[in-house]
Amino acid sequence: MSNQTHISEAALDDRRGHDAIRDARILIADDDPLCRQLVESVLRRRNFANLEFAEGGVSALEQSRSFKPDLLLLDMQMPDMSGLDVCRSVRADPDLADIPILVQTATFDRKKMGELFAGGASDFLSKPVNPSELIARVVVHLERWNSLRELRNYRERISRELEAARRMQFELLPSCASLSEFAEKAGMRIGSYNRPSSELGGDLWGMLPIDDGAFGMFLADFTGHGVNAALNTFRLHALIHEYKNLHHSPAALLSMLNERLVRLLPPGQFATFLYVVVDHRRGELRFASAGAPPAILVQSLAGRPRFCEGTGLPLGIEPGARYQTYKRKFPEGSLLLLFSDGLPEYPDSFGERIGDEGLLNVLNACHAGLAPHEVIDRLCAAAGITGQATLPDDTTIICIDRRIAAPGEKTSSVAEAKASGSPRPRRSSLIMDIKHGYRC
Amino acid sequence: MQIQVDRGAGQISMSGEFTFTDHAPFKQMVSELFATTGKSVILDLSKLDFIDSAGLGMLLLARDEAKKNDRDLILRRPSGQVKRMFGVTKFSTLFTIED
């Protein structure tokens, strides 16, 4: 008796764990009624009330599936089905693959014990049952099972929420439909690629309607990636749309966004930002840069790609920062490429980066018949970015193409492209997954 | 990135690539350097091959730290990609840069 009193006191020490697990469902499988009663009385004394009993191996397996126990106490020697076979079958069931199985055995044969563990037993109890040993092992395994389940639930909840947030973030980006509508009105084609390095990213791009002759295109990249950077993209998206009256004026828009972000971002955090007004009526680009990688411009079908050099402090660092609006010609036959630093700075399998110059070379080798998404594919391939690759940084690429007019408009460049035999696929389908990113 | 600290001269020499993985060692080196006496703190960037936006962010934090401690932060001899980054981002207007 003194031994039992001692056990109760030890159990009281662990009251919290006990409370949390006393509702646990326990299935006791033993063909010997006396053994079942003994185990039951020990467990009930410790307030385990949610007990069920199986009188053989086959029923142990059936009841495991229907009762869904949190712990299975399993006798090794049962006439209809051995404990080892029950173990293996339980483990083969995806719903039960992780539950703790305590095997009761009189054997101390090391080889058999090895087989038991290999078959999926979590632990063993020597027979005849010692009450303190039984309780101690049951409590340990239920606690472990509980923590495992809590972790799993937590992980599932977080990934559901991240998934929802990711969808919300993708919804900030122009849809393929609106993109092709914009492009068609402006008599050009636009391809895009956006892929975060994890579920959520710090890149954001978008199109801003100005009038029938022009639209704006911005590309922002917040320092870092993940949740923090992603939340900032939502802030920025709201701010950009707050200043509709500045959408025609790149430098003024950047100054205003900077003033707002300076107050929002902590030291060391900033956003690079490139804003381009594509004025197709005048055949002109007006742009301002807040520390963004320079866009690349090809000004005619036979033209060489060049950087649109523009400098400016990234947004959110210094109050009162000034920005400059630069102009470039953008006649029919031109192509403009915007990209975030994730593209030139992507380290390929040799740790090499393609760099800004490398991108120029790829564009130089792209003939005028290529569709924007084909240009993007070539850039990604040359940088070493594949569907399987994990991106260390969020990556966005936008290709604005005036080399071939929109479908319906017959121009010489269309004829040229057809002559060169390249197809002009119109991509209205939307591809969106974490591996391949979001593209139109 | 490799970092060499010369406490006597109040100088850190950085080489290799300065990216987000260098956050902890850089932060520690900077706070060590600001614990020394003297007016100027010098980051020698002449052997630094590459900096990304996280690296730029850390330079901003060092600049903040310098202001708080009333010290002058000097970036010495950036070259190549690092120099180009300073140009594009106009970081040259935020820091004292010695060629």
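**Contact between the chains**

Reply: Between the two chains, the contact takes 17 residues from chain A and 13 residues from chain B, where two residues are in contact if their C-beta atoms, placed from the backbone, lie within 7 Å. The model is predicted, with local features needing pLDDT of at least 70 and side-chain atom pairs pLDDT 80 or more, while totals for chains, interfaces and linings use all residues. Residues are numbered from 1 along each chain as its sequence is written, and chains are lettered from A and ligands numbered from 1 in the order in which they are written.

Me: Why is chain B called as compact as a globular protein of its length?

Reply: The radius of gyration of chain B is 12 Å, close to the 13 Å that the globule rule gives for 99 residues, so the term applies. The radius is taken over C-alpha atoms, and the rule is 2.2 Å times the number of residues to the power 0.38. The C-alpha trace of chain B spans about 30 × 25 × 20 Å along its principal axes.

Me: Which elements make up chain B, from the N terminus on?

Reply: They run β-β-α-β-α-β-α-β, giving three helices and five strands. Helices (H or I, at least four residues) and strands (E, at least two) are DSSP runs, numbered from the N terminus.

Me: What makes S1 and S5 of chain B edge strands?

Reply: The open sheet of chain B has the order S1-S2-S3-S4-S5, with mixed pairing. S1 (2–6) and S5 (96–98) of chain B each pair on one side only, pairing being at least two DSSP bridges between two strands. By that criterion S3 (residues 40–51) and S4 (residues 72–76) of chain B are paired, as five bridges join them, in parallel; the partner of B:Ser40 in S4(B) is B:Asp72.

Me: Why is A:Ala365 called exposed?

Reply: A:Ala365 has 11 other C-beta atoms within 10 Å. A residue is exposed if 12 or fewer other C-beta atoms, placed from the backbone, lie within 10 Å of its own, buried if 20 or more do, and partly exposed in between. The count for A:Ala365 therefore makes this residue exposed. A:Ala365 belongs to helix H11 (residues 355–365) of chain A.

Me: How do you know that strand S14 of chain A is mostly covered?

Reply: Five of the five residues of S14(A) (residues 335–339) are buried. In a regular strand the side chains alternate between the two faces of the sheet. On one side of S14(A) lie A:Leu335, A:Leu337 and A:Phe339, on the other A:Leu336 and A:Leu338, and all are buried.

Me: Which strands do bridges join to S14(A)?

Reply: Three bridges join S11 (residues 295–298) of chain A to S14(A), and five join S14(A) to S15 (residues 395–401) of chain A. Both pairings are antiparallel. A:Val298 stands opposite A:Leu335, and A:Leu338 has A:Ile398 as its bridge partner in S15(A).
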